[in-house]
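The following exercises concern the fold of one protein chain.

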Amino acid sequence: MSRSGKDPDRRVRTAKKRTASQVRWLERQLNDPYVKQAKADGYRSRAAYKLKELDERFKLIRGSKRVVDLGIAPGGWAQVVRAKAPKAAVVGIDLLPTEPIEGVTIFEMDFMDDAAPAALEDALGGPPDLVLSDMAANTVGHKQTDHLRTMALVEAGAWFAVETLEKGGAFIAKVLAGGTDAELLNLLKKHFTSVKHAKPPASRKGSSEWYVVAQGFKGRD
């Protein structure tokens, strides 16, 4: 075992059908301490630790009564919410299939579908006090296009939060390098008492992702 914690013997052989970039990704997964810890702790993904670290800093989850998880697959964030707020109603949505999670209502549908917001609200049985978004658009390989597509999802999530949150509630969303654009930032600052950006330790250093954390929803006029 090296001083970095990586096992130098954990290597992935390049198969005929596997590209060099795929091999590098697999090697990174094999040597990632968060991936190993997720398996040991029973979490479905290393992303669970991003939310845990954000929660440790911003005190987001404990005491929550109704939580929406946008982009729930594979379910790591919902698992964290269930552990920290076991009595909370939790509803999630994703285009990708998600294995059932006890105590969580899951919709396999596009959040951008006109029917999605109402379905989430109805399933909760009341206004959410926490809206989580780990959504990201499928990449097409063009940096600017990928950024715009993902930020469009973030903006949709923010508007959902503004239109449904209980007073005092919070909204957390994944954004890309450069943070939240001016228009969206103004929206959040208008409706929340605190808006901050954070990069939890579990977020890979080479990753362009950050998180915007908006707390203290002021309510609707």
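**Exercise 1.** What percentage of the contacts in the chain with a separation of 6 or more is accounted for by residues 24 or more positions apart?

*Solution.* The model is predicted. Step one: consider the contacts in the chain with a separation of 6 or more. Step two: residues 24 or more positions apart account for 60% of these contacts.

**Exercise 2.** State how many helices and strands the chain has, and give their order.

*Solution.* The chain comprises seven helices and seven strands. Read from the N terminus, the elements follow the order α-α-α-β-α-β-β-α-β-α-β-α-β-β.

**Exercise 3.** Which strands stand at the edges of the sheet, and why is one side of each left without a neighbour?

*Solution.* Begin with the strand order: the open sheet of seven strands reads β3-β2-β1-β4-β5-β7-β6, and its pairing is mixed. The edges are β3 (104–108) and β6 (192–198); each has a single partner strand, so one side of each has no neighbour in the sheet. On average, neighbouring strands of this sheet are turned by 15 degrees against each other, direction ignored.

**Exercise 4.** Describe how β1 is joined to β2, and which helix packs on β1, β2 and β3.

*Solution.* Strands β1 (residues 66–70) and β2 (residues 89–94) run parallel and are joined by five bridges. For L70, the bridge partner in β2 is I93. Helix α5 (residues 116–124) packs on the sheet and touches β1, β2 and β3. The direction of α5 makes about 160 degrees with that of β2.

**Exercise 5.** What share of the residues counts as buried?

*Solution.* The chain has 221 residues, of which 47% count as buried. The chain exposes about 12,200 Å², and carbon and sulfur atoms supply 51% of that area.

Definitions and conventions: Residues numbered from 1 in each chain as written. Predicted model: local features only at pLDDT ≥ 70, side-chain atom pairs only at ≥ 80, totals over all residues. Heavy atoms only, no water. Pairing = 2+ DSSP bridges. Helix = DSSP H or I, 4+ residues; strand = E, 2+ residues; numbered from the N terminus. Axes fitted to C-alpha atoms, helices over the stretch in contact; angles between N-to-C directions. Contact = heavy atoms within 4.5 Å. Buried < 20%, exposed > 50% of the residue type's maximum accessible area, 1.4 Å probe, protein only. Areas by Shrake-Rupley, 256 points an atom, 1.4 Å probe, with all protein chains shown as cover.
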